[in-house]
Amino acid sequence: MNVLYRILLGLLATAGSIVSMPAAAQAWPSKPVQLIVPQGAGGSTDALARLLAPLLGERLGQTVVIDNRAGAGGVLGVSTLAKAPADGYTLLFGSSTTVAANAFLYASFPIDPLKDLVPLALAADAPFVIVVPGSSPNKSLRELVATAKASPGKLNYGFGTSSGLLCMELLKSAAGIDIAKVPYKASAQALTDLIGGQLDVVCEPLSSSAPNAKAGRLRILAGTGTQRSSLAPELETVGEAGVKGMVYSAWVGFFAPGGVPRDISARLNRELMAILRDPAVQDKMRAISWEPRPGDAEALAELLRAEIKSIAATVKAAGIKAE
């Protein structure tokens, strides 16, 4: 009888411990998920994030809230992720610039991308273009380069992200020209000043430049890819325009803080891949000038490693610094 009594007591204790399990052990997710976008609202990356976030929310059964953290070329947003708990409730929509190039552009970059980030899914590629005001006397990239060479330091360019900075500095190095740089907190502000004539040129994603170009407020001179973008095949490349050795593009993907539980990262990868491989979603991405590039966690991890290796050499060779 005593043995049976002790067994019953043990069973009751076990049941009690199960009932009193903390909320943290409940099924994930049990509350909204925060998606950090390390650029300002209204930019091209923000537009893509706002397309994908609600779709992820539907699949998770929770709201995915966009948190724009513009500033320091994206470093502020990455810093926010680095300080967040690794519980799956804070994610980053990072790019080849914000999580790779910035590690070499900024001396005070807050993380080691290969140790402190968990790649979840690769989303898309962003074709970049060289853009001038619609009223600019420079009708082609050749003319812009000639103007810059004739008056060193007279022209200026604006940038609200490290992508815009890196792209223009690579162009300057390849073309052998001197153009002054003007930093902005967000790309949308730089584009506004470009339209207003306060800036002479920017390098921005096609997605954020195309609408204003169609309206005549801006003029796109060339694309920065190795070949013409399928989204704008009429645009010549920088190489075709006579500037050899300058290529720039960017990719974006989803990341979680290092240490996130494997079951959560695996769930996020599954849900994101289901979204990113959907032909209807890909059509919507193309409609805002993003080239779909769905890739799983391993593909993104491999791309991140390769990007860090190549960008280190590029930044060092060109002597590019954000600070």
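**Reading a predicted model, feature by feature**

Me: What is the torsion about the S-S bond of Cys 167 and Cys 203, and what does the torsion say about the disulfide?

Reply: The torsion is about 65°, so the disulfide between Cys 167 and Cys 203 is right-handed. The model is predicted, and the values here are computed from its atoms.

Me: Where in the chain do Cys 167 and Cys 203 lie?

Reply: Cys 167 belongs to helix H7 (residues 162-175), while Cys 203 belongs to strand S7 (residues 202-205). The pair therefore ties together parts that are 36 residues apart in sequence. The sulfur atoms, S to S, are 2.0 Å apart.

Me: How many disulfides does the count come to, and are Cys 167 and Cys 203 buried or exposed?

Reply: The count is one disulfide. Both Cys 167 and Cys 203 are buried.

Me: How is a pair of aromatic rings described, and how many aromatic pairs does a search of the whole structure find?

Reply: Two values describe such a pair: the distance of the centres and the angle of the planes. Searching the whole structure gives four aromatic pairs. Take Phe 93 and Phe 254: their ring centres are 4.7 Å apart and their planes stand at 45°, so this pair is tilted.

Me: Which strands hold Phe 93 and Phe 254?

Reply: Phe 93 lies in strand S3 (residues 90-95) and Phe 254 in strand S9 (residues 249-257), so the pair ties together parts 161 residues apart in sequence. Phe 93 has a relative accessible area of 0% and is buried. Phe 254, at 2%, is buried as well.

Me: What lies over the face of Tyr 89?

Reply: Lys 31 does, at 4.7 Å from the ring centre.

Me: Where do nonpolar side chains tend to be in soluble globular proteins, and how many residues has the largest nonpolar core here?

Reply: In soluble globular proteins, nonpolar side chains tend to be buried together. The largest nonpolar core in this structure has 87 residues. Those with the most contacts inside this core include Leu 35, Leu 48 and Phe 93. Strand S4 (residues 117-133) supplies the largest share of the core, 11 residues. There is also a second, separate core of 14 residues, with Tyr 184, Leu 194, Ile 220 and Ala 232 among them.

Me: With which residues is Leu 48 in contact, leaving aside its neighbours within four places in sequence?

Reply: The contacts of Leu 48, with those neighbours left aside, are Phe 93, Ala 124, Val 252, Met 285, Ile 288 and Trp 290.

Me: Is Thr 147 buried or partly exposed, and where does Thr 147 lie?

Reply: Thr 147 is partly exposed, with a relative accessible area of 29%, and sits in helix H6 (residues 141-150). Beyond its neighbours within four places in sequence, Thr 147 is in contact with Asn 138 and Leu 155. The C-alpha atoms of Thr 147 and Glu 291 are 32 Å apart, and the two residues are 144 residues apart along the chain.

Me: What does the secondary structure of the chain come to, and what box do the C-alpha atoms fill?

Reply: The chain has 12 helices and 10 strands. Along the principal axes, its C-alpha atoms fill a box of roughly 100 × 40 × 30 Å. Of its 323 residues, 52% count as buried. The accessible surface is about 14600 Å², and 55% of this belongs to carbon and sulfur atoms. Among contacts between residues at least 6 apart in sequence, 79% join residues at least 24 apart.

How values were computed:
Residues numbered from 1 in each chain as written. Predicted model: local features only at pLDDT ≥ 70, side-chain atom pairs only at ≥ 80, totals over all residues. Heavy atoms only, no water. Phe/Tyr/Trp six-rings, centres within 6.5 Å; stacked < 30°, edge-to-face > 60°. Helix = DSSP H or I, 4+ residues; strand = E, 2+ residues; numbered from the N terminus. Buried < 20%, exposed > 50% of the residue type's maximum accessible area, 1.4 Å probe, protein only. Lys NZ or Arg CZ within 6 Å of the ring centre and 35° of its normal. Disulfide = S-S within 2.5 Å. Core = buried A, V, L, I, M, F, W, Y, C linked by side-chain atoms within 4.5 Å. Contact = heavy atoms within 4.5 Å. Areas by Shrake-Rupley, 256 points an atom, 1.4 Å probe, with all protein chains shown as cover.
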